[in-house]
Structure formats: C-alpha cells, structure tokens
Amino acid sequence: MKYFKLILSFILTIGIFFLLNTKLGSIPPIGKFLNPYTGVWQNETDESITGEIAISGLKDKVTVHYDAELIPHVFAQNEVDLYKAQGYLTAKHRLWQMEFQTYAAAGRLSEILGDNTLDYDRQERRRGMGYGAEQAIIAMNKDPETASFVKAYADGVNAYIKQLSPEDYPVEYKLLDYKPEAWTPKKTALLLMYMTKMLAGGDEDIENTNAIRLFGKERFDLLFPDFFDIVDPIIPKETDWSFIDVPQTPNPNTEIVLDSIAEVMDKPNPDNGSNNWAVSGSKSYSGNAILANDPHLGLKLPAIWFVMQLSTPNHNTFGATIPGALGVISGFNEHISWGETNATRDVIDWYKVEFNDDGTKYKYDSSWKDVTYRVETISIKGKEAYTDSIRFTHHGPVVFDKNFKSDNEKFGYAMKWIGHLGGDNQKTFLELNKSKNYDDYVKAISHYTAPAQNFVFASTEGDIALWIQGLLPNKWEGQGKFIMDGSDPRNDWQSFIPQQFNAHTKNPERGFVSSANQHPVDENYPYYVYNDGYETYRNRVINDFFSAKDKFSIQDFKDLQNSNYNLKAAEIVPYMLETMDISTLTKEEKAIYDEMAAWQFNNDIDEVGPSIFRQWYGRVYNMVWDEFDVEDTALDTPFTYQTIYLLKNKGDDKFMDILETPEIETAKELFLLAFKKATEQLQKLKEEDGDYKWLTYKATYAGHLLQALPALSRFDIPIGGDGSTVNATSENHGPSWRMIVEMTSPPTALGIYPGGQSGNPGSKYYDNFIDDWAAGKYHSLNFLQSNTATNAIIGTQTLTPSN
Amino acid sequence: MPKSIINFGLTIILALVLSLFLPWWSVMTAALATSLFIPLKRASVFFIPFFAILLFWAVYSFVLSSGNDYTLAKRISILLSLGGNPYVLILVTGIVGGLAAGIAAVFGKQLSLMLKK
C-alpha cells in the first residue's frame, strides 16, 4: 500500500510538472507562463529609459533621449555606432516582431508554430524568398560601407539579446515557448524581401491567361484595358519625353500560352498602397515647400513602423524606421524630406517550362538546359522536418510543378521576379538619410531596384520632385500580361529601362507633385506600362484638391490626409439611384433608398451611406461578374473603375446577365435585385448590432501579428474612410504612418501612426497613438538640434563602450 | 508553534530562495523539501503548501501588476478566457503554483514515510 501511494504520488508529481511545463495546443506551458518570477508577470512593465548600458564594440558613447511618446533621439559620434545603436534600440522595443517577420519572410514559421503553417512556408520557399535574400546580401557586400553598417546593426541587436535572461523575453516568446536567435545581416535582407513581397509580390498573369482563354481577346480587352478612359498619372501628362533615346523592346508577337490553371499563390493585399505629395514654395502658405506621406498597410500590432531620430555630427535624420532595416525609411533631415508610395509595376512574369523525361533539364531555344536544385528543409515544431527540392531555371524558381499545386510531370511554371535579382536597396535609405539636396536624392535612389517606389522629395532649398524608381524591365508591348512560353528566348526580359529614363518630374509648373498608386504615366511615355491594378480614385481627389486653390497650409494637408470623400461612390451612386426602378420598393426599402439619396459621399463614422453603398454596390459587382466564378480556374474580376464604366455605358452587355436565372438581366435590373438583398442584410445587421452606421459596419481593428489574437489587438477603432478614400482606412488596413513636413530650416514636422513605440503589450506605449490617429490628430516631432535634453525629453539613457 | 505554520512559512521562504536560481518548478522543490523535514498529516499535507505557494505567487503577481495598472494582466486574462479580469488571473496563477506545490508535497510526505523505516 505504501509503495502504491508513493508511486502514485510520484506519478502525479511528474504529471503536474509535465502538464504545466508543456505547450498544449494553443495553451502556453502554464506553469512557465504564469509564474511571477520568469513568466508573463515580468513583462508587466514599461521600458527603462534612463541609466547607462555597456555595449561591447561601441567606439564611443551614444546618448539616447526619449520623449513622452517613447521616441528615441539617438546621438552617436559615428555611423557605425549609430546603426549599432539603432539595432540595439529596435531590438529593445520590438525584438519579437522584428524576428517573427524574418521567420515569416524566410518560410520558417513552422519552426515556431508547428505544421499548420507548413503550406505557407513551402510557398515562401518556392517563391524564392531565401534565394532573393541571398542575392541581396551579395549585392550589399559589394559595398563595404553598407556591409559594415548592416553588420553593426546586427551586432547591436545581438548585444541586446545577450543581455536577456528568460524572464526578460517578450511575451510572445513565452506564449509560444521558444527563444530569440542571433540576428544576422541575412535577416535584414529577408526583411527587405518581405517588403518586396508585400509591395511587388502581386501579379495577374495566370488569372489573365485564364480570362483571355475563356472570354476571348476582344472581351478581355474590354474588361482589362491597358489604360482607362480617364488617367491622371503621377508624372504630369504634359511631360516632354523627347530626351529618352533608348526605344521600347520591339514586339516579337509570340503566341500566348492558353493554359488552364486552377490555383495561384497567396497575393499581397491589393489595398497595399499609399499617398504622398509635396507643394512648392509658391503654393505654400509660408513660402516653404511642404511634403506629406502616408503609406497604407495592414493595421498591425506591434505597429509596422518605429519612429526614431538618428544623428551623428555629420547628419541628423528623423522619421519612420522599419524594425530590421537600417536608417529612416520615410522622414526628413535638416535639408530634405522624402516619402514613398508603391509604384505597382508588373515585375513578376510566369513562364511555362517543359521538362525532359527525368525532369532534370528544360527546353530552351530548341535545346535542353540543366535545371539547378535548391533543397529547402523546413523544420517543424514537434515533428520531423519537411524537405522540398525546388528546381531553378534561368527564369527563376519553378514554383508550380508536380510537387506543388499541380500534378503535371512534364510541365511547370517558372517565376521571373525582380525580387530574385538582388540589389543594394539598403544603401538608398542610408544615403537618403544623409542627402542634402536634389542631386544627392537622385543619386541615393539610383541604386534602388525593388519594390519600385514613387519617391517624393522636398528640400529647404525649395525644390520638389518625384521619381518613380526601381529596376524595371523594358518590356515589349503586352509582355508579361499572360503566361509566356519559357522555351522562346524572345519572351525573356531583354533589358531594363535605363535608370535615368525612369519617369520623374522636378518642380513641375503646376506647383505640386503627388502619387497615390495610380498610373505612373500616360500613353506618351515611350516604355510599355499597362494597368496592373492602379488606383483610380484617391489620386484624382488629391490632384483636384491641389488644383482648386493657390496656397496650402498645414491644416489643408491634415484635412486631405483625413479626407473621407468617396469619389468612387460619387461616380456611381447617383446613376444607380436614378436608373433603378423604385416602384416595387417596400416602405422599409424606400427608407433606406432615401438614406442613400441623402448621403454626401463622405465615409464618416456616423453616416449610414457608406454601409448602404458597400452592401449595394458590392452585390451589384458580384452579380455582374458571376461569369468569373468558374470551378478550378483562378480568375480575377475586373477592376472597380472599369466595372462602373460598363454599368454606366454598357448596361445591356451580356456580362450583366446573371447566369443562374432564366431572365436576361441588364444593369438596371441588377441595381434593384442587389438593392433588395442589401436592404435585407442591412436590416439584419441593425437587429444584431443596433445600427448600420459606418463605425459599426466597418469595425476597424488593429490585429496582433499572431493571427490578430484578441487579447493583444485593438477593436472598434472609431475612424472613417475606406480603401479608395484618401484616408484609406478599411477594416484592417490603412494609413500606417501619417507624416507632414514643412521645409523650414530646420524642418518642422508632424507624424503619427496607429500603434505605439513599444512592442510590449504590457506597456502603455504599446497602442497609445491609436486614439489620436483615429481622431485625425498629429503629434509634433521633436527634432532635436543638439545632444541636449530639452523639456520634451523624459529620460536619457547612455550606451557606453564596455571595453 | 504548530508544525503547519512552520511548514507554511518555510515553504514560502524556500520557494523564494530557490526561485533565484531555479525555473518555475522551484515551488515544487520547495514544497517537497519542506514536507520531507516537517511532515504534516492528512489533508494539510497538500493544503498547507498549496496555500503557501498560492499566497506567494498571488502576492508577487499582484505587486508586479498593480504597479503597472494591470495593463498586461487584463490582456492575458482575455487570452486565457478569464474574462479580462486581472484578479482572476492572479488567483489562477496562485492556484497553478499551489497545485504544483501541493502535489509535490504529497510525494514528499510519502517519501518521508518510506525513509523513516
């Protein structure tokens, strides 16, 4: 009996230890997680912002002044120390996020999350993310200075990691039960690849191929024109291109590959975009140029941006950084300011590849070329590793073949992507941080390859400019719109547009420059550019705004960034209201009809119009494009602008008909059918949520990077707007950094973002900017002119060399 | 002083000392050691160390959390489906530690009975 009790109690003891020490499903190892001396209770604290910290390898002292928003103002004596300090401080406030993003970039999530993310990891490996990062490292290492700074940054991150004991690990490590690994320059390259994927990782070649096969060329061209009937391009229409003396690649008129493809890879959010603009002194209330930027990205916590001031005796820079990358990405220094929007060019093309019998060679120019193999081993938490062998051609990785989303032994599809070509894109930002004038800016961005960006510029000297910069293939007319035959050399990218011929404008006559992801140029630009998902609404609101009067103030800039005016709705709603037959509307439906008619097209939170519009127009759109719902066929429905154009101008087109019904519908009938369904849904929402005001309907939220874990996210953020308004805030996407800089000497700047400086959910600085951001407020950025704490500073920490 | 009070106090002191160099299961070690040297009887074998560690962990978490407005405790309380109430999380923390300690103490008691022979 005694032995029995002893053994039983022993088993119980081991059992409880195991139970509390092991991660079970999504439940963290609860003993480890909850104990107060190494568990999450240790994260219940704000960060230390005073005292001295010894860091090995620093050459000199680095002073870090924190202001009340927890923005670090860093004063280093040289650039190596500066970037070491940037690495150290970024890790201090955002370690888990910066590491997690590189795991996501590299296709390594299964290492920490188990086999639910295996498909994602395989996809990222097949996309060639690791390969691309290795090419970027090679390019970075060609420039010893960039390489030394990237190394210093890594050393800084590692200096922080080394100081940590398990109780100091950020909450997410404790939750998922793993620990940080050393940072490397490759992780910086992976982070830059992650941005490239986010901003230049989308294309429609496969969907277009399916569409042209199903609908024919004439119908395809109607639905997907290269240019819409209105284009208000980034580079003004009247620009003279006669200085360009390298012609577009002549069209070889090769055949389109009319394959049927069922599945494609995950795409970046099509709303990933941004606004930027600058007015010249002549259009500014003060005579100083003014610049603004607001990149639209997923609303995440921890926030995508981390704001810093970075200075040495030779330069002084302020703005938004991306954890993992060096320098300021969107910001200003004493002389210039700059910001980016996405250039959305087609830099991904797909090639059909024919293999020989054993799959080791592929056909090219009537001979057989060897494939190279890249073996990707994906470690999986708690499971055996998964190995995927990926074949590479001279085009790029064969993403789809018998091992991935296909069962064809003989053929595969290879991806040609600018992201695989390498490039020292870090150098552009390092140089922009130090640029003093227009010429420095042009030189800085000239190295930049991807993701192509619209770089807006303004200087204290009074210049404004905008360059569309990236390494862009000089394509023949129509190249890369559809899948191409990979064996025909004429289908390869033949050359790149010479950098100096990338579209740009400096001090244009109209007195302002702007971009909002719209068409870069009109048809007069001598190189092939086609509509690859360009934005068509925000840009016109912005350009109309700046054409409407002579002088603009900071308040005008704020108003524009926060504008909820919905041009898309304004262009279709009156037509729908007018055309629809309202004789059969019930009393309830008529009431909603009247609400719609009263709407002034502002997506403000207390309006019901935006919700009715979403419901109504959304249903019309789906009814129009029911032809695109084809089993086992990847298809993209046409863009909104063209849909609205067809509704208004070709309302009796065959596409308007709903295939399922015996009747032949036209746009007019669709309006009524959709309206009745929409009102039904709106009334249901009203019963469930109390009302269908835009605030309730949209329910904007900022989700934690880990599948928006509710505990670490913010919900029901009271902000208006929508994807196509200048304040481009939709449900979980929007202006991720709003900045306005007036080019006084030194510049005067405002900035805010939806998040907070701290990555620690236990810190009050985790999400403290969100309310002000939602309300359209800005924070003054304290641009310190010397290493002296002003009264804006709440704490000073000194990083000292430890040897 | 009754044995139970000595056991109670010693468990806490030992847990505190061991926590300086052992992970979370230091509370199990502390309860086991205490029960070997200061054996209790019947239900108190389990409950004295249980309440000792419950008190220790709950008070310690309370001290850490109350100084920071329970910012993180509220979130973790949502994460673990405890309704967002930080005090419930503090109590659960205490119970988790207490449970581990109590069970270890029962084992210690059985071990001490064997060793006496």
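Guide: Let us start with chain B of this predicted model, whose secondary structure comes to five helices and zero strands. Read from the N terminus on, its elements run α-α-α-α-α, and its C-alpha atoms fill a box of roughly 50 × 25 × 25 Å along the principal axes. Of the 117 residues in chain B, 53% are buried, and 69% of the contacts between residues at least 6 apart in sequence join residues at least 24 apart.

Visitor: How do H2(B) and H5(B) pack, and at what angle?

Guide: The axes of helix H2 (residues 26-37) of chain B and H5(B) are 7 Å apart, at an angle of about 35 degrees, and their crossing is right-handed. Residues of H2(B) that take part include Val27(B), Ala30(B), Ala31(B) and Leu36(B), and among those they meet in H5(B) are Gly97(B), Ala101(B), Ala104(B) and Gly108(B).

Visitor: Which elements of chain B give two or more residues to the side that touches chain A?

Guide: In total, 31 residues of chain B are in contact with 31 residues of chain A. The elements of chain B that give two or more residues to its side are helix H3 (43-66), helix H4 (71-79) and helix H5 (86-116), and the largest share, 13 residues, comes from H5(B).

Visitor: What makes chain A as compact as a globular protein of its length?

Guide: Chain A has 22 helices and 29 strands. Its radius of gyration is 28 Å, and the globule rule gives 28 Å for 803 residues, so chain A is as compact as a globular protein of that length. The C-alpha atoms of chain A fill a box of roughly 80 × 80 × 70 Å along the principal axes, 52% of its residues count as buried, and 72% of its contacts between residues at least 6 apart in sequence join residues at least 24 apart.

Visitor: Why is Phe100(A) called buried?

Guide: Phe100(A), which lies in helix H3 of chain A, has 23 C-beta neighbours inside 10 Å. The label requires 20 or more, and therefore Phe100(A) counts as buried. As a separate matter of distance, the C-alpha atoms of Phe100(A) and Gly273(A), 173 residues apart along the chain, are separated by 23 Å.

Visitor: Which residues have the most contacts inside the largest nonpolar core?

Guide: That core has 170 residues, and those with the most contacts inside it are Val74(A), Ala278(A), Ile290(A) and Phe457(A). Helix H3 (residues 79-106) of chain A gives the most to this core, with 15 residues. A second, separate core of 50 residues includes Ala30(B), Ile53(B), Leu54(B) and Leu89(B). Beyond its neighbours within four places in sequence, Val74(A) is in contact with residues including Val62(A), Leu82(A), Leu89(A) and Met308(A).

Visitor: How do you know that H12(A) is roughly antiparallel to H13(A)?

Guide: The axes of helix H12 (residues 425-434) and helix H13 (residues 438-446) of chain A come within 7 Å and cross at roughly 165 degrees. Angles over 145 degrees count as roughly antiparallel, so H12(A) takes that label relative to H13(A). H12(A) passes H13(A) in a right-handed crossing, where Thr428(A), Glu431(A) and Leu432(A) of H12(A) meet Tyr441(A), Lys443(A), Ala444(A) and Ile445(A) of H13(A).

Definitions and conventions:
Residues are numbered from 1 along each chain as its sequence is written. Chains are lettered from A and ligands numbered from 1 in the order in which they are written. This is a predicted model: local features need pLDDT of at least 70, side-chain atom pairs count only at pLDDT 80 or more; totals for chains, interfaces and linings use all residues. Helices (H or I, at least four residues) and strands (E, at least two) are DSSP runs, numbered from the N terminus. The radius of gyration is taken over C-alpha atoms; the globule rule is 2.2 Å times the number of residues to the power 0.38. A residue is buried if 20 or more other C-beta atoms lie within 10 Å of its own, exposed if 12 or fewer, and partly exposed in between; C-beta atoms are placed from the backbone. Two residues are in contact if their C-beta atoms, placed from the backbone, lie within 7 Å. A nonpolar core is a set of buried Ala, Val, Leu, Ile, Met, Phe, Trp, Tyr and Cys residues joined through C-beta atoms within 7 Å. Axes are lines fitted to C-alpha atoms, for helices over the stretch in contact, and angles run from 0 to 180 degrees between N-to-C directions. Angles under 35 degrees count as roughly parallel, over 145 as roughly antiparallel, 65 to 115 as roughly perpendicular and the rest as oblique. A crossing is left-handed if the near helix is turned anticlockwise from the far one by less than a right angle, and right-handed if clockwise.
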